[in-house]
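Student: Please take a close look at a single part of this model and lead me through its pairings and its packing, with the cut-offs behind each term.

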Amino acid sequence: MKKYGILFLTLLLGLASGGCGNKLSGPEKTAVRFYKEVWVEGDLNHSSRLLDRQHNRKELGWRVEQTKSSEKKNPPILVTVSPSDSQIMSKTIWIHRPSDKRDFRVKLRRTARGWKVVNFQQNYDNRRGGYIGNDAFQRYVREYPGLKWKRVEQP
């Protein structure tokens, strides 16, 4: 129990010192915009414009439909760049929604047209019986205790 208390305190200190009010980088801005258009607004037209390849539009479609059929939520989110990313031309952005413990991952690639989404995942799927990931946020916090999460109040 003491171990979880220390972990929780580390997370709170990280959010308080480095996670609030930080400006988002270019890839983080694109990932948050994509998150909002897919998992908040349910807007297929705008979200598909952020895709690097349009064949991913079909994969995007069911997520947008799922968003449209659920209650609209836009709670604060936490955002960070994957600490395992060492690439300059591509980034993986993790997004955590603390209100319902949902996690999202958006992989981006820098193109001549700016940052474009090449892959995306979510840990929750109504069609597949609920959570398909296993507490990804808690795992990231445990594996990377110094990781800084940026809080976005209204994505």
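Tutor: A salt bridge here is a side-chain nitrogen of Lys or Arg within 4 Å of a carboxyl oxygen of Asp or Glu, and the structure holds twelve of them. The model is predicted, so to speak of local features requires pLDDT of at least 70 and side-chain atom pairs count only at pLDDT 80 or more, while totals for chains, interfaces and linings use all residues. Residues are numbered from 1 along each chain as its sequence is written, and side-chain values use heavy atoms, without hydrogens or water.

The part to look at is helix α4, residues 57–68 (helices are DSSP runs of H or I, at least four residues, numbered from the N terminus). Within α4, Arg63 and Glu59 lie four residues apart, about one turn of the helix, and they form a salt bridge whose closest N and O atoms are 2.8 Å apart. Arg63 is buried, at 6% relative accessible area, whereas Glu59 is partly exposed, at 37% (buried is under 20%, exposed over 50%, partly exposed in between, with a 1.4 Å probe and protein chains only). Glu65 and Lys68, also in α4 and three residues apart, meet in another salt bridge at 3.8 Å, N to O; here Glu65 is partly exposed at 46% and Lys68 exposed at 52%.

Arg63 also belongs to the contact with helix α2 (heavy atoms within 4.5 Å), where Leu60, Arg63, Val64 and Thr67 of α4 meet Phe34, Val38, Trp39 and Val40 of α2.

Conventions:
Axes are lines fitted to C-alpha atoms, for helices over the stretch in contact, and angles run from 0 to 180 degrees between N-to-C directions. Helices (H or I, at least four residues) and strands (E, at least two) are DSSP runs, numbered from the N terminus.
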